[in-house]
Each structure stands twice: as C-alpha cells, then as structure tokens.
Amino acid sequence: MANEADTCRTLVLPKLYAAGWSDEQITEQKIFTDGRIIIIGKKAERKQKKIADYILKISKNFPIAVVEAKANYKKAGDGLQQAKEYAEILGLKFAYSSNGREIIEHDYITGEEREINEFPSPEELWERLKKNEGIPEEGEKKLLTPYYNLPGKKARYYQEIAINRAVAEVLKGKNRILLTLATGTGKTYVAFQIIWKLWESKWNKSGDGRKPKVLYLADRSVLVDDPKDKTFGVFGDARYRIKGEAKKSREIYFSTYQAIAKDERRPGLYREYGPEFFDLIIVDECHRGSAKDDSNWREILEYFSSAVQIGMTATPLRKDNIDTYSYFGNPIYTYSLKQGIEDGFLAPYTVHRIVTDVDATGWRPEKGQVDKYGREIPDGEYGTKDFERIISLRERTRAVAKHLTEYMKSTDRFAKTIVFCVDQEHASQTRMELNNLNKDFVKNDPNYVVRIVYDEGDAGKGQLGRFMDIESTSPVIVTTSKLLTTGVDIPTCKNIVIFRVVNSMTEFKQMIGRGTRVREDYGKLYFNILDYTGSATRLFADPDFDGEPARISEEEIDDEGKSVEGTYEVISEDIPEEEEEILQSKAPVLSDDSEGEIRKYYVEGGRVEIVASVVYQLDSNGNRLKTIEYTDYTKNQIRSMYSSADELKAKWSDPEERKIIRDILSERGITFEYLAEITKHPDADPFDLLCHVAFNAPLKTRRERAEMLRKNKKDFFDEYGPVAREILNEILEKYIEYGLKELDDPNILNVPPISEKGNLMEIAEAFGGTEELKVALSRLQNMIYA
C-alpha cells in the first residue's frame with residue numbers, strides 16, 4: 001500500500017502532468033505559514049507549519065488551486081476538508097483531494113463539489129477564474145506579470161493575495177481601492193510589487209502603452225524616504241522625491257502631504273501638476289487624516305481624482321477612521337493581527353496591567369496646597385486622564401520608572417523598549433528617572449536611555465536610526481510622545497510601555513504595531529505590553545482583528561517600584577469600574593496657555609505606590625487566559641484526556657506513552673517547568689503535579705518518590721551486583737536533582753558520575769548484557785510510579 005508521499009510521487013503528479021501542468025506551475029510540499037508562536041512561561045516555541053501537498057499556479061506568482069493527496073488505500077474525499085481549509089486561507093477558488101485513483105473537486109465559484117476523472121488543465125482553470133472575476137482580456141498579461149525578485153525577500157501568501165487582487169481591481173477599472181494589513185505584515189513590499197507589475201507591464205489610465213506616473217504619498221518623511229531609498233531603489237532614476245520643486249520628467253514620485261499641501265504661505269505645490277498627471281497614487285497609512293472631509297490633505301486626493309488611488313492601512317473600520325473607509329470603500333483584502341499571529345508571521349504578546357495608588361483612587365490636593373511654582377492647585381479629583389496634562393506628579397513618574405527598571409532587570413536589560421508618554425516634557429522627565437535608575441549601564445553607554453521627540457531634530461533622527469537598527473545595542477530604552485506611534489520599523493522591540501491614556505483605537509493599534517515583528521534570529525518571538533494607564537485593557541476590544549493577548553497581568557508596586565502582592569484579581573474586557581471612575585473624574589480645566597502661562601501644576605514630594613498588577617496570556621487555542629487560572633486550564637486539559645489519576649498513571653508509567661502525553665501538553669502550551677514555577681512546587685514530580693492540579697491528589701516530591709522506591713522495592717536492587725546497584729542509585733539522584741527528563745534521557749549513562757563506571761559496554765556488563773540493562777532501566781522508571 002502506498003503512503004501519502006508515494007501517492008504524491010507516483011500517482012498524483014503524473015495526473016497533473018497529463019492535464020498539462022508543468023514543473024514551473026507545480027509547487028510540491030509548499031510551506032505557507034511559519035507556525036504559531038506559543039508563549040510558555042518565559043519561553044516561546046512554534047507550533048507546526050501549514051504545508052500544502054501541491055499548489056498549482058498559472059504563473060510564477062499567481063496561484064490558482066490547492067491539491068491534497070491521501071494514501072491510495074484511503075478515500076479521495078478524506079483530504080478534501082484540509083484542501084478547502086488551505087484554499088480559504090490562500091484565497092484560492094479551486095480545491096482538490098486525490099488518492100491517486102479518484103479526484104474530488106470543490107469549486108468555490110459555483111459551490112459545486114464533484115468527483116472528476118482527471119485534473120482540469122491550466123487553461124481551463126484560468127478561463128473559469130477570469131470569467132468569474134471579470135478580468136479583461138487586455139489585462140490578462142499585465143495581471144500575470146511576475147514580481148520583481150527583491151534580494152532576501154519572498155512573497156508570503158497574504159502578500160500575494162493583496163498584490164494580485166489590487167492589480168486585478170486596477171485592471172478592471174476600479175478607482176478607489178483599500179487594503180487593510182496589520183502592522184508588521186510588509187505593506188511597503190506589497191505597494192512596491194503592485195507598482196512594479198503595473199510599471200513593468202506599461203499600464204496607465206490612457207492605455208497608450210507608456211509607463212505609468214505614480215505618486216507614493218504619506219504623512220511622515222520616514223514613511224517616504226525609507227521606501228524610496230531602499231525597497232524602491234530598483235527604479236533608479238525613475239524616482240523623484242518632491243521637495244520644493246515640481247519636476248515632471250520622472251515616473252515614480254514620492255512626497256509627504258505637507259510638502260505639497262497648501263498652507264498660509266503657499267497655494268499648494270500639488271497644483272503645479274495637472275489633475276490627470278498621475279495614473280496611480282499609493283496612500284500609505286491612509287487612516288492618518290488624508291481622507292477626512294475637512295482635511296487639507298483630502299484636497300490633494302480630490303484634485304487627482306482621475307488617478308487610481310490605493311489606500312493602505314493597518315487599522316480596521318472604527319469611529320476615528322470612518323472617513324477613510326467612506327472614501328476608499330470596503331477593503332478588497334484584510335489580513336489581521338490575529339491571523340498574522342495564528343500564522344506565526346507576527347509576534348504574540350503579553351499584557352501587564354500595572355496600577356499606582358493615585359491611578360486607582362485618584363488624587364486630590366490638600367486645602368491651599370501649592371505646586372513647585374507657588375501656584376495654588378484648584379481643588380478637585382484628578383485621575384489618570386489628568387496626570388501630566390493638568391497635574392504633573394513627579395513621584396508617580398518615579399514609581400513607574402522604578403517598576404519598569406525592576407521589570408527589565410528580572411527579564412532582559414537589553415530588550416529594546418519604547419515608553420509612550422503624555423507629551424515631550426513628560427518624555428523628558430521619564431527619561432531622566434530611567435537614566436538615574438540605570439546608572440550602572442549609563443556610565444558605560446550614555447545613550448542607554450534617550451528621548452526621541454520632534455524637538456530633538458537631527459540628533460533625534462540619529463538616535464532613531466540606531467534604535468531601528470537590529471545590529472545596534474544602543475539606545476535600549478526610548479521615551480517618546482507620539483513620534484514612534486507609526487511608520488517606524490523596530491523589529492527587535494520587545495517592550496511597549498503605555499504611560500499615557502490612549503483614547504483612539506487607531507492610534508493604539510499603531511503603537512502596539514511597533515512590537516509585532518518577529519526576529520527569531522535575534523531572539524524576538526513575542527513582546528510585552530506594560531500598561532500603566534489601562535489603555536490596553538480598554539482598547540483590546542477587537543478579538544476578530546487583534547486576537548487576544550497571550551498574557552495580561554496586573555500587579556501591585558510600592559513607592560520603590562517593586563512588586564507586592566496584588567489586590568486586583570480580574571481585568572475584564574470592559575473598562576474596570578475603578579478606571580471608569582478615574583477616566584470620568586471631574587478635574588479643573590486649565591486656562592488657555594497662549595499668554596505664556598505654565599500649563600500644568602507641578603507637584604513634588606508625596607508618596608506614590610504601585611497597588612495592583614495582573615498578567616494575562618492566551619492558551620494554545622487563542623483564548624484569553626489569566627496567569628492565576630493557568631492551573632485551572634491545565635486541570636481542564638488533563639481531565640479532557642483522562643477521567644482519573646489511575647487512568648493517567650497507567651499511561652504515564654510507559655516511557656513511550658509518557659512522551660506522547662508530554663508532547664500533547666506542550667502543544668497545548670503546558671510545560672512542567674512553568675507549572676512548577678507558578679504553583680511554587682519546583683521539587684514535585686511532573687506526574688504528581690498533574691494529578692495534584694487535575695484530581696487534587698496528594699503531592700509528592702521527587703525525593704520522596706525515590707526514597708519510597710528504595711525502601712519498598714529493596715528486592716529490585718538486590719537482584720544486581722554492587723556496580724549495577726550504584727548506577728541505579730546514581731540515576732535516581734539525577735532524577736531527584738534535575739527531574740523526569742533525566743529518566744527519559746537515553747544519554748544519561750554518558751554523564752558523570754555514571755560514565756565513570758566505564759563505557760556503555762562495560763556498564764551493560766554490570767547488568768548482565770545490553771538487553772538486561774534496558775530491562776533494568778525500564779523497570780526503574782515503572783517502579784517510580786508504582
């Protein structure tokens with residue numbers, strides 16, 4: 001009987017060849033995801049990657065169908081569900097399952113499922129797809145134009161979908177197109193390939209065979225200059241960055257809105273280009289004001305209304321970006337943060353919610369209290385939303401800085417960290433506190449902690465460049481207000497610190513996007529969100545797009561910034577009642593500061609403590625899981641597999657079955673090391689720990705189990721001579737000290753002091769031979785759990 005590999009090679013592949021598919025059109029064993037990253041304690045590991053048996057392509061970058069093969073002794077339809085799942089992920093209209101003798105087709109265009117005798121030819125599938133999608137004959141060649149092969153970059157499946165769908169819509173004559181792709185998914189690459197295909201195939205609005213005029217538009221210089229100088233470098237002299245002068249002899253133009261928009265001094269540089277000058281406009285981060293009805297930037301888009309305009313955003317439809325969706329229409333493709341995490345292309349995250357006492361209960365000045373400048377502070381209840389806007393509490397900043405420093409000391413002091421502050425002044429204060437708390441590092445690296453804000457100018461840009469550089473180890477901690485919320489690629493950023501209230505869902509998603517990139521080669525598999533204002537727990541309200549955090553925590557900290565036992569146990573997806581009161585607290589509003597008045601009240605002294613801290617994470621199925629519920633989660637998983645401790649024990653005693661159990665639990669995000677850590681039973685045997693958590697069984701330490709074996713099974717040891725008994729006892733000592741992995745390790749006989757008894761042959765002789773040695777070791781493992 002042929003297995004699946006044999007079926008693929010000897011039966012399915014010949015049928016594909018017979019239908020006219022060439023080797024260039026067939027990709028075998030196509031890996032199309034990286035495998036979801038699961039956070040287990042302080043470690044992370046990947047789940048299995050998704051692999052399709054065959055992907056069929058019309059051209060190099062245009063897949064059209066997926067084929068799943070089953071062994072020839074199975075039914076052809078056995079693989080259809082998997083083929084359909086893969087087709088839906090990959091955006092394909094045709095799914096096939098075959099055992100080499102029979103073929104089942106699922107056609108997503110008609111909804112029909114049927115058994116067929118042979119695979120359709122490439123020409124047949126292409127005709128069926130073209131008819132359904134309305135692809136014009138004159139656009140066929142342009143749509144199938146290959147991507148440009150950028151060194152070190154290969155299109156991921158969702159990028160292929162976005163590129164091909166966008167180009168198809170352009171060729172069909174659609175003028176407004178929107179792509180919603182989560183931060184970190186490579187929007188610049190997608191934009192480049194869209195432009196390349198249209199430029200290389202000489203598409204333009206007039207259809208006269210010339211290369212198109214393209215405008216790449218964004219709201220920040222870094223979003224324009226970086227793509228122009230790097231990704232788009234292959235266009236050479238066809239590129240032009242619009243700055244003060246409207247050259248018209250190039251083909252790919254780059255500009256910020258500000259550079260061409262009208263202002264008090266200029267009528268608008270964009271008007272020096274004719275309304276029909278551009279064929280295509282790419283609007284990066286299009287949610288950032290370009291489509292608002294009353295925006296000066298909107299005038300630019302309306303002026304060039306004859307051009308095809310493609311908007312790119314990382315945020316789904318929300319109240320604060322509704323103009324974007326009204327202008328561009330519904331997205332033709334959405335790739336969410338949740339899907340990116342599921343595929344393993346984006347990093348999962350833990351959320352740590354930390355609360356100071358003044359954030360939890362509010363702050364009220366004493367009667368007649370004055371600030372550092374001698375001004376009487378108006379009476380009233382001040383809450384989180386008022387801090388650093390109306391009231392500046394230096395001790396609150398100091399307490400948070402202490403907590404963040406202690407957190408990094410306990411995790412990784414070289415983990416790149418962004419601290420989002422209320423304003424530039426607050427960013428400066430926070431930087432100073434962090435600097436002084438990390439003097440041991442700062443004395444060797446003055447740039448260990450820096451502030452990067454608009455006021456920093458070229459010096460700030462230099463620090464930002466080093467912070468973005470994956471090879472640079474300095475700076476490590478950056479404080480900012482809004483400069484780093486978008487358009488900045490920091491692949492190795494591991495900590496996102498929220499130290500200001502964020503009310504905009506769009507802005508919040510952009511802030512979190514600074515941490516979503518994965519750099520496995522640099523040890524970056526997940527990131528942490530440290531939330532000191534409650535913004536994360538309020539704004540993670542979109543599980544369909546964002547998924548849920550892998551972990552959310554809430555912890556108390558004292559005025560020294562150290563964690564103390566928490567009083568908060570639960571954070572709901574809604575705003576906690578305490579935080580709702582704080583956010584809605586009635587506080588005085590400062591007068592207009594246009595006459596040069598100091599705009600805040602500055603309070604020195606006093607005492608601020610951290611009063612609560614909680615951590616949440618996701619289980620392996622993507623459900624939100626609080627750390628204190630980890631034992632309950634483990635209990636439910638074990639009970640879903642075994643009805644009693646005795647049933648678990650019957651399987652556990654067998655080394656092979658034990659390995660299967662461990663692998664299943666690991667796949668579900670459960671490790672004994674982490675379970676022992678959070679239950680505070682590091683010396684417990686894994687079996688006893690599982691039974692204790694799942695069935696409330698008495699807990700035994702590994703030493704207790706070993707001593708029970710020595711006492712109750714003395715006859716077992718007496719069967720062997722002195723050397724063999726000594727080896728068995730040394731194996732037990734390894735088990736006591738290091739745990740179950742020592743018993744399961746086949747190399748344990750090569751480790752001192754056991755290895756000092758001789759080589760493997762000599763050790764085996766002490767037991768009467770190799771087989772006798774294997775039997776003795778197996779009996780030892782079984783009797784530990786007797």
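Me: How many helices and strands are there in the protein chain?
Reply: The protein chain has 31 helices and 27 strands. Helices (H or I, at least four residues) and strands (E, at least two) are DSSP runs, numbered from the N terminus. This is a predicted model, where local features need pLDDT of at least 70, side-chain atom pairs count only at pLDDT 80 or more, and totals for chains, interfaces and linings use all residues. Residues are numbered from 1 along each chain as its sequence is written, and side-chain values use heavy atoms, with hydrogens and water left out.

Me: What share of the residues is buried?
Reply: 57% of the 786 residues count as buried. Buried means under 20% relative accessible area, exposed over 50%, partly exposed in between (1.4 Å probe, protein chains only).

Me: Sheets next. What is the strand order in the open sheet of 6 strands?
Reply: The order is β1-β4-β5-β6-β7-β8, and the pairing is mixed. Two strands pair if DSSP finds at least two bridges between them. β1 (26-31) and β8 (113-116) stand at the edges with a single partner strand each, so one side of each has no neighbour in the sheet. Neighbouring strands are turned by 30 degrees against each other on average, direction ignored.

Me: How do β6 and β7 pair?
Reply: Strand β6 (residues 94-98) and strand β7 (residues 103-107) are antiparallel, over 5 bridges. Ala95 stands opposite His106 in β7.

Me: Which strands does helix α2 touch?
Reply: Helix α2 (residues 80-90) packs on the sheet and touches β4 (51-59), β5 (62-69), β6, β7 and β8. Contact means heavy atoms within 4.5 Å. The direction of α2 makes about 155 degrees with that of β6. Axes are lines fitted to C-alpha atoms, for helices over the stretch in contact, and angles run from 0 to 180 degrees between N-to-C directions. Helix α3 (residues 122-133) also packs there, touching β4, β5, β6, β7 and β8.

Me: Now the sheet with 7 strands. What is its order?
Reply: This open sheet runs β11-β12-β10-β13-β14-β9-β15, with parallel pairing. β11 (239-241) and β15 (333-335) are the edge strands, and each pairs on one side only. The twist averages 15 degrees from one strand to the next.

Me: What is the bridge partner of Leu215 in β12?
Reply: Tyr253. Strand β10 (residues 214-218) and strand β12 (residues 252-256) pair in the parallel sense over 5 bridges. Helix α7 (residues 221-229) packs on this sheet, touching β10, β11, β12 and β13 (280-284).

Me: Switching to α23. Which residues are buried in it?
Reply: Arg658, Ile661, Leu665 and Ser666. Down the axis of α23, the buried residues fall within an arc of 130 degrees, so they line one face of the helix. That arc is taken over the directions from the helix axis to the C-beta atoms. Just after α23, Gly669 has a positive phi of about 85 degrees.
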